[in-house]
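Please read this report beside the sequence and the model. It takes the cores, the ring pairs and the cavity in turn.

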Amino acid sequence: LDLHVRDAGQVVAPRAAGSQTPGLLDFGESGISYYYSRPRMAAHGQLRIGGKPAQALGGPVWFDHQWGDFDVTRLGWNWFALHLSDGSDVMVYELFDQDGRSVTTTGTLSTAAGSRPLAPDEVALTPLRRWTSPKTQVAYALEWTLRLPGGELEVRPFFDNSEFDASASSANIYWEGPVKASGKTAQGEGFMELSGYEPLRTAPGPAGNKRASR
């Protein structure tokens, strides 16, 4: 893969609602993280298979950089990064504890006018469909309703089997892959990451507020 990327836009530094420190995310007992995004880098390149050109590539790339002093094994998360057809970019994440209880849901909405944090009452995630990995038997919530200030989106994966086993490095197993979003006011595509599901007996379901049980 030979890919060239450039960014003419402003860096987005997500922050929690009420925080005055751009790019600093507080995960409570799990620690803190610094985080910034370049949500619409222009990319072009070439995919080669067996040394032979297979396909020319081009389009917007979402780039994230995250670092800090935090423990990925103490909290789980549902994380979304979406390019929408109205030109906006949305990053949303929900944190949940080791018993599957939701800790917080927040994110960042970016438009041509700039970016702003989403308050917890401006965003909500509701799981719609589960998928169980045939390899690990971990159950993930792969389809969601995402409520934003501008309306609701339904988020679905392009394909279900996108589990990644990082237990030998970061000590967790998670799901990450491309998704499509559809709604009355906007369409879009993006990326979803689901982490912290492996200690839970069941994935979140549409009934009740308790996400899962051990």
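What follows is a short tour of the inside of this model.

The model is predicted, so local features need pLDDT of at least 70, side-chain atom pairs count only at pLDDT 80 or more, and totals for chains, interfaces and linings use all residues. Residues are numbered from 1 along each chain as its sequence is written, and side-chain values use heavy atoms, with hydrogens and water left out.

**Cores**

The largest nonpolar core has 27 residues. Such a core is a set of buried Ala, Val, Leu, Ile, Met, Phe, Trp, Tyr and Cys residues joined through side-chain atoms within 4.5 Å. Buried means under 20% relative accessible area, with a 1.4 Å probe and protein chains only. Tyr140 and Leu146 have the most contacts inside this core. The elements giving two or more residues to it include β5 (76-84), β6 (89-96) and β10 (139-148). Strands here are DSSP runs of E, at least two residues long, numbered from the N terminus. β10 gives the most, with six residues.

**Ring pairs**

The structure holds nine aromatic pairs. Rings of Phe, Tyr and Trp (its six-membered ring) pair if their centres lie within 6.5 Å; planes over 60 degrees apart count as edge-to-face, under 30 as stacked and the rest as tilted. Two edge-to-face pairs are tabulated here.

| Pair | Centre to centre | Angle between planes |
|---|---|---|
| Phe80 and Trp144 | 5.9 Å | 80° |
| Phe96 and Tyr197 | 5.6 Å | 85° |

Phe80 is in strand β5 and Trp144 in strand β10, 64 residues apart. Both of these residues are buried. Phe96 lies in strand β6 and Tyr197 in the segment after β14, so their pair ties together parts that are 101 residues apart in sequence. Phe96 and Tyr197 are also both buried. Elsewhere, ring pairs link Tyr34, Tyr36, Phe63 and Trp67 into a cluster.

**Cavity**

How many cavities of 30 Å³ or more does the structure hold? There is one. A cavity is a set of points on a 1 Å grid over the protein atoms alone where a 1.4 Å probe fits but cannot get out; lining residues have an atom within 4 Å of a point. The largest cavity holds about 40 Å³ of space, the volume being that filled by probe spheres set on the points. Its lining includes Trp62, Asp89, Val90 and Met91. β6 gives the most to this lining, with three residues.

Terms used:
Buried < 20%, exposed > 50% of the residue type's maximum accessible area, 1.4 Å probe, protein only. Helix = DSSP H or I, 4+ residues; strand = E, 2+ residues; numbered from the N terminus. 1 Å grid on protein atoms, 1.4 Å probe; cavity = no way out; pocket = protein on both sides within 12 Å on 5 of 7 lines; lining within 4 Å.
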